Amino acid sequence: MKIFKNSILILGLVFLQGCSEDLLDQTPDHVISEKLVLNSVEKLDKLLTGTYNEVSRNTYLGRVLYKRAAVKGNDFRFVETTYNPRDYELIFYKYEENSNSSGSGEDLWIQSFKAINNLNLIINNLENAEGNATQKQEILGEALGLRGMVYFDLARTYAYPWIKAGASSQGLPLKLSSDEIVTERSSLGATYDQIILDMQSSLDLLEENSWDQGSTKYLTKTGVKALLARVYLYKQDWENALKYAKEVIATRGVDKLMGVNSYVFEDYNSESLFELSITSENSLGSNGLGAQFDFKNGGQGDIIATQTFVDLLSAYEGDPRAALLEEDKEGTQHAFVKYINRSDGGGLSAHNIPIVRLSEMYLIVAEAAANGAGGGESESLSYLNTLIEKRTTNFSANQVIETGEALQERIAEERRRELALEGHGVYDYIRRGKDIIRPVAEHVNTGVNVSNLNIVATDNRTICPIPASEVEASGMEQTEGY
Amino acid sequence: MKNKLQTILTLFLVLLVQMVIAQEKTISGTVMDQNGIPMIGVNVIIKDAQKGTQTDFDGIYSIKANVGDVLNFSYIGKNDVSRTIGTDDVIDVKMEESAESLDEVMIVAYGSSNKRSFTGAAETVKSEALTRGATASFETALQGKVSGINISTSGQPGGKSNVQIRGIGSISGNTQPLYVLDGVVINSNSNLRAGDDMVGTTGYNPLSTINSEDIKSITVLKDAAASSLYGSRAANGVIIITTKDGKKGETEITLGVETGWSQNLTEEKLINNEQFKDLWIEGQVNQYIQNTENAEFTRVYGDNGLYSNYENQAKSDYEGIYGTTNANSNWLDAIYQNGLIRKYNLSARGGSEKTSFFISGNYLDQTGTIIETGLKRYSGRVNLENQAKNWLKLGVNLSVAKSERDAANFDGSYAGGLNPLYMARVLPPAAPIYNPEGFGGFANLPNEIEKNANPIGVLKVGEYKNTEFRVRGDAYAEIQIVDPLSFKTTFGIDQQTIDETLYDNKEFGAGGGIWNGVLNRVKSEVFQYTVTNLLNYNNDFGKHGFDILLGQESQVSKMNSINVYGYDVLDSELLSASSIGSLWSHSGYAENYSLLSYFSQVAYNFDQKYYLSTSFRRDGSSRFGKDSRWGTFWSLSGAWVATEEDFLNIDGLDYLKFRGSYGTNGNLPPQYYAALAFFETDGKGYGGESGLSYGQLQNPDLSWELSKNFNIGMDVNLFSELDLTINYFHKKTEDLLLNVPVSSTTGFMTQLQNFGEMINKGWEFEIGYKPVSTEDFSWRTSANLTILDNKITKLKNDIVPTYSSRYGQNPLIIKQGESIYSFYLRDYAGVDPSNGYAQYHILENGERTGELTTDAQKAGFGIFGDALQDFQGGFFNQLLYKDFTLDFLFTFGGGGKVYDRTAFKRDDDGFAPQFTNTVAQLNPWNPNNIDATVPIRINGNPTFSNDVSTRNLYNSDYLKLKNIKLSYNLPPLWNTIKGGNIYVQGDNLFLLTELDGYDPEAVVDGVNFFQVPTAKTVLLGLQLQF
């Protein structure tokens, strides 16, 4: 019987030991719980840092948006099929998007909202988090500015341009808080209002720039102004576009424009207003931006300049931008290598990514003024020529004197030369209502269907459809035309 | 006189003989099993007399009996043997395994039972069957042997297998059964949770570190009555592995040696260099015509001058890439080889009155049919049991194994330079393999396809190695508290240490160019421990029998890993982490889970005639959401042995039992933290600072998948020689773990939720028969058949596939009302003879409208069958003649379909002209060949003719000679060798099926896409007993 008693005792102990429910709380150690992050300003600051990382991923500004903009325009093309290009963004080049399939258009959508959700968490929780008030203000300012930027990139990619039907076009679902579910699309007007509101609020919160080397890897007051100028340009609010662009120029001054001899696309160059830092933490290698255009060192080099663009670059004498052309995969001199791998290593696509530069401000002033803002065409010519003077050794021969439609065309051309591969390409056509005309001879054997070479500005395929997965999951309204 | 004497002598002799016969004499002999191994403890009884004995350590018996008496030999698990005593004093007996033994011990959940009293659906497989495969792990040998179980495997060294019991149980969750080793649930996670998804070696098999020679038996638990005691993890069935134990008596030593060769069972037929060149040029000409002549092929082909312009242009394009001489490369020959297998096994078992032991050591060295692949395994086992006190039994089972596996990323779902097998199967014969001047002697690829990923160079110069060190074991104590009440406590461990080296070399593929080599070093460790306490009460009150079990269990698993990934590798021979020049990432993390359970089982029987059993288990799991942490699972089952009834006394009907069960099981979420909201830190830094990003939406309601199982069955034995088992099952899985699409505005595309329902139902038949059984010759045959139907009955949204230019559209759709692997395709209608384009029947809502189109975008889609076989089974025969045994197993299936997705990459009508084709692409349509069955070939083909359509859909009905073995029993030798056998065996020797290069038993979802080919193996073996 003693055995029996002892056994019962042992049994009891064993059962009691096993009963602890604490055993069932297992938490990972490589991730941080929600509670810990949302109550601390320090951690929310890390969340902001992480959001810059998300913005720099290949599915957003790290590749897709810029590459898409380039291959849908007139100036770049895929190499011929026999040179085995990767299929990244090929669907955009071929204008084969449809409601069921939009290639990396789906990734761009998700990645943008991933960034927006991080920003919403910051914006919603900052007020009650523990920490320094000045730091809170700085974080909130950057977060709002970034949210404006991401919504703007979404608006110009997934909604028809302002010129098509103005404020009444279909806009975006405006998810402004972390816990609400928004699947209703706002009007384009409401979308732009929100973008502008975010950016304006950001301006009110941010301190003046320090202009320390490397400081433009974060969104600064001047950076927000520059983006705002761009937003107004897309919204065809010429006065405001001109106003903010000029404010930026006033802050920086003409001497910050790179010149013929100083035109080097290095990190944090003098024109930098906002750029993405790409270092080992967020480098993308062959999936990154630079490797798409640069064939050297094992890069993909799948995207090369068209003859049209090469001709455009050779218009000015001594244009430093023409010097960026190198040998490409097909053996011609059509690789446009704006993004150069850092000389001190770091692999492929080891370069910062410019988001907005000073030269664009000159072009915005020129365009806004040519459309009647500020001092009109004379002001337009003055700003445009200021830039051109920095891009040729023979200014007098290339000085712009045209007016009217011809002036508009010169500005557009200058944008193609100056801002190539910086996320403008196709957007610059459609926001101005210009068709995309791609010569047959420049696209032979590149896999594109001949009937998809000429695209009217209002064609649905100039913008991305709402991804099928989104429509399927949330019933979100598809864009008209898809 | 002489004659007289002779007569007398003869008479005397006859008398003498008669006298001897009438006398009681001593009969002796040796009892052996069918392999010629002496059997200890066989009961030898004189029929109709109360007299008997047992065989000794050497299988020898001796008994006094009279001539004319009948000796009856019996042993559990063997067929009884009877011999009438004649003139011989020596009667040697060979005992054969009985096909069905009703009273044989059968290991089941947390205990044992026997076939007679067990109320569930379960099946036991013995070691002989398990060691039959040429693969490293045992489970692959179950295919075709057990009904209701389907195993897909490639037969490559240490290759992954996919085991399904009674259909596919889940869409996004785990579909593999739970494995229990000597009573302890082992970690059978095939996800290493350590390496990088993209570059990691794939197809890791967690069971390959278990030596199949150590296994005594396997029980497959199929229905709720059998498996519900395992609660939240049992929805996909349970496989219980029992290792060999010791036994009293002289130590018995077994030595086994096997050696063999393997080749691919199937290989596709590819075009040669000249054919490639012709197709390429034709495609290029057509591309020019398409792009510059408004696709007016007939006009241009009719205009000789114009045509030869383009042809010359195309030829010069070709020569610009591939040169003027043919390389005549055979990439398949270069990447495939003859595999070799060597296996050595030494084991000993024995014991004294109180202690028994089993120890074994095993070495396996296998090279695969792909170059630079192989597996080396060293393993050892010690099983000990000691009767410490009359009320206490102590024991330990411990195994240690080390495996070294070479296998690159041969993942059959990824197509690109990092997958050398894929590359070798798509690269054209015009691309040279070798170049004496090239790096390591290998050639660069034309146009540096996929970053110059010459697959032979990738494999030969790179390194993809995975070593695993695994310790599994348990220690237990069994206490007899008072007679019918006993207590058993078990402590089990499972420790896994993984070390992975993945090196993309400096020249070919991902490590080439500026990277100067890419190296990924991973170390990870998983430690799992389990504590099980069982209280057992087993007593009979007259005709009422009770068996009651109360149990408690907790299991904790802790994993941690360190992963270093970088480029600029110092030297191809120095692959330590310090050889990495520049880091891409360094990461490391821990992942843990825990389970806490209480359970009980009550079994009652009346007079061994009526059986009733219930089980109950409550599981709490860390993987569940905080609002649904505990789940309850139960079962109720009964059985009636009808032949025990007096009214059912029919001659020849020896045994008839009816069974029925109903109960619930669960399936855990595969991810450990799927319920939690959290922020990620890994790889979220920016501008020199560390960062965070929202990593997962929380789901506090996340819980188990619930499967509701119904089973009804019967077991019959007729004339002692025909066994029949029939089961009908219906398994409904609710609250499916499903990656439910959510609005991307949340920042995520899907969330793991419990949503959806699926039904697997069907029939299982097993029949065993022994047509002939004489002393010298016997023939045993058995067959099994499973009829299975899978249907998704509830889903939030159909999961409709989308197109990607890298893979085309996924041919599978997940749709309510359809089977899980249903094919969603265009309806191909052959080649339009007027323009050469592929044409389709236009489908609207899956129905033909009667119109045809050549525009793939307008063709529409419909469902055309599914991948799961409607019926599947095995057919086994064993023939014994004297000391020879021949047996063979055929497996078969029918009613399923296979989609050949390789067509998108290879038989693509020129879509990707840099890749080769199979011979099916020869003779495409052109204006001079308008009756062609292959559409027009255009380089960079924009018509989607290579995308999903019924053009690439095949039947996957098959018949396979899974296994054949001829063995000869060796006689005892030199007093030391007690016996043994020598054999030759073949695995996967032939296969009949419609699609070339495809093994229906290697792929679960019916999508053929450059999977690792099945190995066909021939083995020679020798086994000796000492």
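Below are legends for several close-up views of this predicted model. Residues count from 1 along each chain as its sequence is written, while chains are lettered from A and ligands numbered from 1 in the order in which they are written. Because the model is predicted, local features need pLDDT of at least 70 and side-chain atom pairs count only at pLDDT 80 or more, whereas totals for chains, interfaces and linings use all residues.

**View 1. Helix 10 of chain A, residues 221–234.** Helices (H or I, at least four residues) and strands (E, at least two) are DSSP runs numbered from the N terminus. (Buried takes 20 or more other C-beta atoms within 10 Å of a residue's own, exposed 12 or fewer, partly exposed in between, with C-beta atoms placed from the backbone.) After the helix comes Gln236(A), with a positive phi near 55°.

**View 2. Where chain A touches chain B.** Each chain puts 77 residues into the contact, counted when C-beta atoms, placed from the backbone, lie within 7 Å. On the chain A side, helix 3 gives the largest share, nine residues. That side splits into 30 nonpolar, 33 polar and 14 charged residues; here Ala, Val, Leu, Ile, Met, Phe, Trp, Tyr, Cys and Pro are nonpolar, Asp, Glu, Lys and Arg charged, and the others, Gly among them, polar.

**View 3. Strands paired across the two chains.** Strand 1 of chain A runs antiparallel to strand 30 (residues 678–680) of chain B, joined by three bridges. Strands pair if DSSP finds at least two bridges between them. Ser33(A) sits opposite Phe678(B).

**View 4. Strands 47, 50 and 51 of chain B.** Strand 47 (residues 884–894) and strand 50 (residues 958–970) of chain B pair antiparallel over ten bridges, with Phe884(B) partnered by Tyr968(B). Strand 50 of chain B also runs antiparallel to strand 51 (residues 979–992), this time with eleven bridges; Leu961(B) has Phe990(B) as its bridge partner.

**View 5. Chain B, for context.** Chain B carries eleven helices and 53 strands. Its C-alpha atoms fill a box of roughly 120 × 85 × 65 Å along the principal axes. Buried residues make up 53% of its 1026 residues.

How values were computed. The expected span of a helix is 1.5 Å times one less than its number of residues. Two residues are in contact if their C-beta atoms, placed from the backbone, lie within 7 Å.
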